[in-house]
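Me: Could you walk me through this model? I'd like to go through it piece by piece.

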Amino acid sequence: MKEYKPIILSLIKFFAVYIVLIAIYYLYLNYYQDILKTCDPFTEVVAKQSSLLLNLVGFPSETHHFNQENYMHFSINNKYISGVNEGCNAISVIILFLSFVIAFSSGKIKTLLYILVTLPIIHFANIIRIAFINYVFYYYPQYGKDVHDYIFPAIIYGLIIILWIIWIKYFVFVKNEK
């Protein structure tokens, strides 16, 4: 049993961090969606940043929120394209990512620095993902469902797995060299 102790402790840490963060996230969502009956602020920011990105590259887009809805309306050239909801904001993916990194932490400073560097990468990748999905929905609607359901989840989860591999290979299992 001694030889499995590090793995068991890492799994316990993973699930503990995951459960705590998911609980906090659901309380956050409950407050905005069930009590205030509105879209949560982070989802709104993600939608607006995705629209801004499309505008910066020459595709006129905008987002709107209507009372009592828990999502943002996304439009290109004044045509409604999609609803950006809490599932689009990548917080669930970020919670999964953080739980893993913390479970296999490699010192507080190194772990904190890795998190501070990688979270903006994940966030920006998600902004690009939402912008591109809406671009595809507008210009190539026949591919929209496949892009939304298969290609971009594979890309965002692929990014998470690559960042986990980097974490383990270059920060957790690093041999001290003198």
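Reply: A word on terms to begin with: helices (H or I, at least four residues) and strands (E, at least two) are DSSP runs, numbered from the N terminus. This is a predicted model, in which local features need pLDDT of at least 70 and side-chain atom pairs count only at pLDDT 80 or more, while totals for chains, interfaces and linings use all residues. Residues are numbered from 1 along each chain as its sequence is written, and side-chain values use heavy atoms, with hydrogens and water left out.

Me: OK, what is the pattern along the sequence of the protein chain?
Reply: The order is α-α-β-β-β-α-α-α, which comes to five helices and three strands. The C-alpha atoms fill a box of roughly 60 × 40 × 25 Å along the principal axes.

Me: And what share of the 178 residues is buried?
Reply: Buried residues make up 36% of the 178, where buried means under 20% relative accessible area, exposed over 50% and partly exposed in between, with a 1.4 Å probe and protein chains only.

Me: What should α3 span, going by its residues?
Reply: At 1.5 Å a residue, the 13 residues of α3 (residues 91-103) should span 18 Å, and the end C-alpha atoms are 18 Å apart, which agrees. The expected span here is 1.5 Å times one less than the number of residues.

Me: Switching to aromatics, how many pairs does a search of the whole structure find?
Reply: The search finds 19 aromatic pairs. Rings of Phe, Tyr and Trp (its six-membered ring) pair if their centres lie within 6.5 Å, and planes under 30 degrees apart count as stacked, over 60 as edge-to-face and the rest as tilted. Phe132 and Tyr135 form a stacked pair, at 5.8 Å centre to centre with 20° between the planes.

Me: Where do Phe132 and Tyr135 lie?
Reply: Both lie in helix α4, three residues apart, which is about one turn of the helix. Phe132 counts as partly exposed because its relative accessibility is 41%, whereas Tyr135, at 18%, counts as buried. Tyr135 also forms an aromatic pair with Tyr139, and this one is tilted, at 4.8 Å centre to centre with 40° between the planes.

Me: How many residues apart are Tyr135 and Tyr139?
Reply: They are four residues apart, about one turn of the helix, and both lie in α4. Tyr139 is partly exposed, because its relative accessibility is 32%.

Me: Which residues form the aromatic cluster?
Reply: One cluster is formed by Phe59, Phe132, Tyr135, Tyr138, Tyr139, Tyr140 and Phe152.

Me: Last topic, backbone. Which loop holds Asn78?
Reply: Asn78 lies in the loop between β2 (72-76) and β3 (79-84), and has a positive phi of about 60° although it is not a glycine. With a relative accessible area of 68%, Asn78 is exposed.

Me: Then what about Ala90, buried or exposed?
Reply: Ala90 is buried, with a relative accessible area of 7%. Ala90 lies in the loop between β3 and α3, and its phi is positive, about 70°, although Ala90 is not a glycine.
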